[in-house]
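Let's talk through how to read salt bridges in a model. Have the structure open while you follow along.

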Amino acid sequence: MLPLPKIMLTAADYPRLEQLARLAAQKGDLDGIFLTGEINRAEIVPDASDDLSSVVTMGSWVTYCTNWGVPRRTVQLVWPEACWNPESISVLTPLGAALIGLRVGDQMPYFVAGCLNVVRVQSITQSRSNVVPFFRRPHQSKPFDDDPGPTAA
């Protein structure tokens, strides 16, 4: 059996992951139970940690291979409600729960339909926001103040 790799979770993702896993586990969902175990053994790090650029976090694009000979594949790790296309994988699946918190080169065992599988992370790309501000305030050397001050009656 492979030793389990150390994993990291962001402080921002931790509360939602914990709640998601706990609710699924309470319903007897095996993937929720597996995710709970992964969360419990993870190191929780600040969102601004330099180490996170090389860690699978929510929204990361991950290229991986498995022990069952399927060619490598690249997917985005997402929340269950955002898993609507073939390029995404929910964190509440056996493979998604196995990927969260891993680094390039890590191998992680997980079960699907009672069969032991092993995933190996080959590359990680952090997702970037597609949001662009509609209006940018020009840089000002002093704070913006639109208060005209006292007025005479």
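**Reading the salt bridges**

Glu38 is buried here, at a relative accessible area of 4%, and keep in mind that this is a predicted model.

Q: What partner does Glu38 meet in a salt bridge?

A: The general idea first: side chains of opposite charge can pair when their charged atoms come close. In this case the partner is Arg41, with N and O 3.0 Å apart. Both sit in helix α2 (residues 30–41), three residues apart, or about one turn of the helix. Arg41 is partly exposed at 29% relative accessibility, whereas Glu38 is buried.

Q: How many salt bridges does the model have?

A: The count comes to three. Another of them joins Glu18 and Arg22, at 3.3 Å from N to O. That pair lies within helix α1, four residues apart, again about one turn. Glu18 has a relative accessible area of 26%, so we call it partly exposed, and Arg22 is partly exposed too, at 35%.

Q: Which residue does Arg16 form a salt bridge with, and what parts does the pair tie together?

A: Arg16 pairs with Glu81, and their closest N and O atoms are 2.0 Å apart. Arg16 belongs to helix α1 (residues 14–26), while Glu81 is in the loop between β4 (73–78) and β5 (88–90), so this bridge links parts 65 residues apart in sequence.

Q: Is Glu81 buried or exposed?

A: Glu81 counts as exposed, with 57% relative accessibility.

Technical notes:
Residues numbered from 1 in each chain as written. Predicted model: local features only at pLDDT ≥ 70, side-chain atom pairs only at ≥ 80, totals over all residues. Heavy atoms only, no water. Salt bridge = Lys/Arg side-chain N within 4 Å of Asp/Glu carboxyl O. Helix = DSSP H or I, 4+ residues; strand = E, 2+ residues; numbered from the N terminus. Buried < 20%, exposed > 50% of the residue type's maximum accessible area, 1.4 Å probe, protein only.
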